[in-house]
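Try each one before you read its solution.

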Amino acid sequence: MFTPSLALVLGVLLAADGRGADEHLLTGANAFREERYDAALVEFKVAASLGSPDASTYVATTLVKLNRPEEAVQAFGPSTAAGQDALLDYYRGLACFDAQLYQCADSLMASVGSRAGPRVAGFAADVRAKVAPLLVGEPTRESIDWYLARCSTERKAKRGVLATAYCAEATALSRRRADRYKLAEAEAGTKG
């Protein structure tokens with residue numbers, strides 16, 4: 001597995017080879033299909049550095065495959081609403097699930113089910129089945145505190161998208177409690 005600095009150096013070297021962003025996207029896509037996710041990630045990052053508007057989505061999807069869900073949530077960007085591509089929403093939902101952002105995951109997977117083919121819809125239904133028991137009953141104060149702490153940690157690390165996602169999760173949990181435990185703090189954290 002590449003270290004981030006090695007990947008960056010390799011990316012710079014690849015960018016210097018004269019190929020354009022589209023060529024790096026294609027090379028990354030081929031590596032992704034061959035399950036060489038480290039190589040795909042480097043190519044997609046190079047394409048992004050060369051200005052490809054689509055590369056960040058491919059970076060995020062590859063980070064999901066590399067089991068780096070928090071980085072993937074950050075790379076997907078601020079929107080957690082369903083987009084036009086069911087497969088990308090499925091990957092975004094997987095990133096949320098693996099980052100313990102269960103309400104985000106459930107929402108995205110619900111939208112995938114009605115728009116995807118049978119295979120991906122089945123995968124989305126499996127994730128929703130795993131999430132469902134986690135969303136039953138009144139959330140504990142400890143769970144809200146955990147999400148708020150993650151929000152604070154990520155905000156200090158300048159990972160604003162991820163911080164906002166954790167605060168949004170805390171907000172949704174707090175709203176499910178009769179006492180609205182720390183709702184104002186959680187809502188404030190979603191505003192940046």
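**Exercise 1: a ring pair**

Y147 is buried at 6% relative accessibility, where buried means under 20% relative accessible area with a 1.4 Å probe, protein chains only. This is a predicted model, in which local features need pLDDT of at least 70 and side-chain atom pairs pLDDT 80 or more, while totals for chains, interfaces and linings use all residues. Residues are numbered from 1 along each chain as its sequence is written, and side-chain values use heavy atoms, leaving out hydrogens and water.

Task: classify the ring pair of Y147 and Y166.

Solution. Start with burial: Y166 has a relative accessible area of 0%, so Y166 is buried. Next, the geometry: rings of Phe, Tyr and Trp (its six-membered ring) pair if their centres lie within 6.5 Å, with planes under 30 degrees apart stacked, over 60 edge-to-face and the rest tilted. The centres of Y147 and Y166 are 6.1 Å apart and the planes sit at 35 degrees, so this pair is tilted. Finally, the pair links distant parts of the chain, 19 residues apart: Y147 is in helix α9 (residues 141-156) and Y166 in helix α10 (residues 160-175). Helices here are DSSP runs (H or I, at least four residues), numbered from the N terminus.

**Exercise 2: another pair**

Task: is the pair of F97 and Y102 stacked, tilted or edge-to-face?

Solution. Take the distance: 5.7 Å centre to centre. Then take the angle: 65 degrees between the planes, which is edge-to-face. For burial, F97 comes in at 18% relative accessible area and is buried, and Y102 is buried at 17%.

Note on methods: Buried < 20%, exposed > 50% of the residue type's maximum accessible area, 1.4 Å probe, protein only. Helix = DSSP H or I, 4+ residues; strand = E, 2+ residues; numbered from the N terminus.
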